[in-house]
Amino acid sequence: MTPAEAVAIAVALHRLDGTPFHDAARTALHKLLAVMPAADVRRAEDLAGRIHLVHGADPGPAPVSPTVVEAFTTGRVLDIAYADRFGATTRRLIEPAGYLGGPHGWYLLAWCRLREGMRSFRVDRIHDVSATPEVADRRPLPDCAIDVPGHLVTRVAIAA
């Protein structure tokens with residue numbers, strides 16, 4: 001089991017909140033973590049802490065490039081074409097820092113080198129993406145990067 005796979009299970013478990021299956025699913029995740037190497041568990045905890053979900057929102061499925069997914073887990077810098085809400089496309093070099101699942105879909109939270117700041121990129125607007133050879137230092141993900149009031153957002157938890 002990889003750290004990314006453990007995080008995927010943790011994200012899926014959030015859909016079970018409030019159901020009769022929540023406690024059993026949580027216990028199963030803890031059993032899985034117990035047999036993973038300690039370094040992988042720490043990596044999974046770090047990745048999970050960078051994923052936020054808006055309460056009550058069902059972001060639904062999103063077409064996320066495998067290149068984006070891998071860059072998030074490995075820290076690679078991405079070269080993307082990004083279409084804004086008006087359809088204008090710009091080229092960007094970004095450093096993936098987290099995800100936000102909200103009522104309008106999934107967003108990649110990343111440091112944008114063009115804008116020199118943390119930005120939210122709707123994953124369905126990211127096109128023509130490639131990973132660069134550069135691995136960037138993982139930037140902190142400040143709460144202000146998540147443009148949603150804190151009481152409406154939950155961080156994905158991988159540990160008890």
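Trainee: Which elements each supply at least two residues of the lining of the largest pocket?
Mentor: Two helices do: α1 (3-14) and α4 (66-74). Helices are DSSP runs of H or I with at least four residues, strands are E runs of at least two, and both are numbered from the N terminus. This is a predicted model: local features need pLDDT of at least 70, side-chain atom pairs count only at pLDDT 80 or more, and totals for chains, interfaces and linings use all residues. Residues are numbered from 1 along each chain as its sequence is written, and side-chain values use heavy atoms, with hydrogens and water left out.

Trainee: Which element gives the largest share of that pocket's lining?
Mentor: α1, with 6 residues.

Trainee: How much space lies in the largest pocket?
Mentor: About 390 Å³. Its lining has 17 residues, and Ala8, Val11, Ile51, Val69 and Tyr99 are the closest to the centre. A pocket here is an open set of points on a 1 Å grid over the protein atoms alone, with protein on both sides within 12 Å along at least five of seven lines; a cavity is a set where a 1.4 Å probe fits but cannot get out, and lining residues have an atom within 4 Å of a point. Points join across faces, edges and corners, and volume is the space filled by probe spheres set on them.

Trainee: What is the lining of the largest pocket by class?
Mentor: 14 nonpolar, 2 polar and 1 charged. Ala, Val, Leu, Ile, Met, Phe, Trp, Tyr, Cys and Pro count as nonpolar, Asp, Glu, Lys and Arg as charged, and the others, Gly among them, as polar.

Trainee: And the second largest pocket, what volume does that have?
Mentor: About 300 Å³. It has 14 lining residues, with His14, Arg15, Leu53, Val54 and Ala57 nearest its centre. α1 and β1 (51-54) each give at least two of the lining residues.

Trainee: Switching to cavities. What lines the largest cavity?
Mentor: Gly75, Glu95, Pro96, Ala97, Trp111, Met118, Ala136, Asp137, Arg138 and Arg139. The volume of this cavity is about 60 Å³. β3 gives the largest share of the lining, 3 residues. Here the classes are 5 nonpolar, 1 polar and 4 charged.

Trainee: Now the packing. How many residues are in the largest nonpolar core?
Mentor: 32, and Ile94, Tyr99, Leu108, Phe121 and Ile158 have the most contacts inside it. Among the elements that give it two or more residues are α1, α2 (22-35), α3 (38-48) and β3 (89-102). A second, separate core has 10 residues, including Val54, Tyr107, Ile146 and Val153. A core is a set of buried Ala, Val, Leu, Ile, Met, Phe, Trp, Tyr and Cys joined through side-chain atoms within 4.5 Å. Buried is under 20% relative accessible area, with a 1.4 Å probe and protein chains only.

Trainee: Last topic, the whole chain. How many helices and strands are there?
Mentor: 4 helices and 7 strands. From the N terminus they run α-α-α-β-α-β-β-β-β-β-β. The radius of gyration is 16 Å, close to the 15 Å the globule rule gives for 160 residues, so the chain is as compact as a globular protein of that length. That radius is taken over C-alpha atoms, and the rule is 2.2 Å times the number of residues to the power 0.38.

Trainee: What share of the residues is buried?
Mentor: 40% of the 160 residues.

Methods:
Buried < 20%, exposed > 50% of the residue type's maximum accessible area, 1.4 Å probe, protein only.
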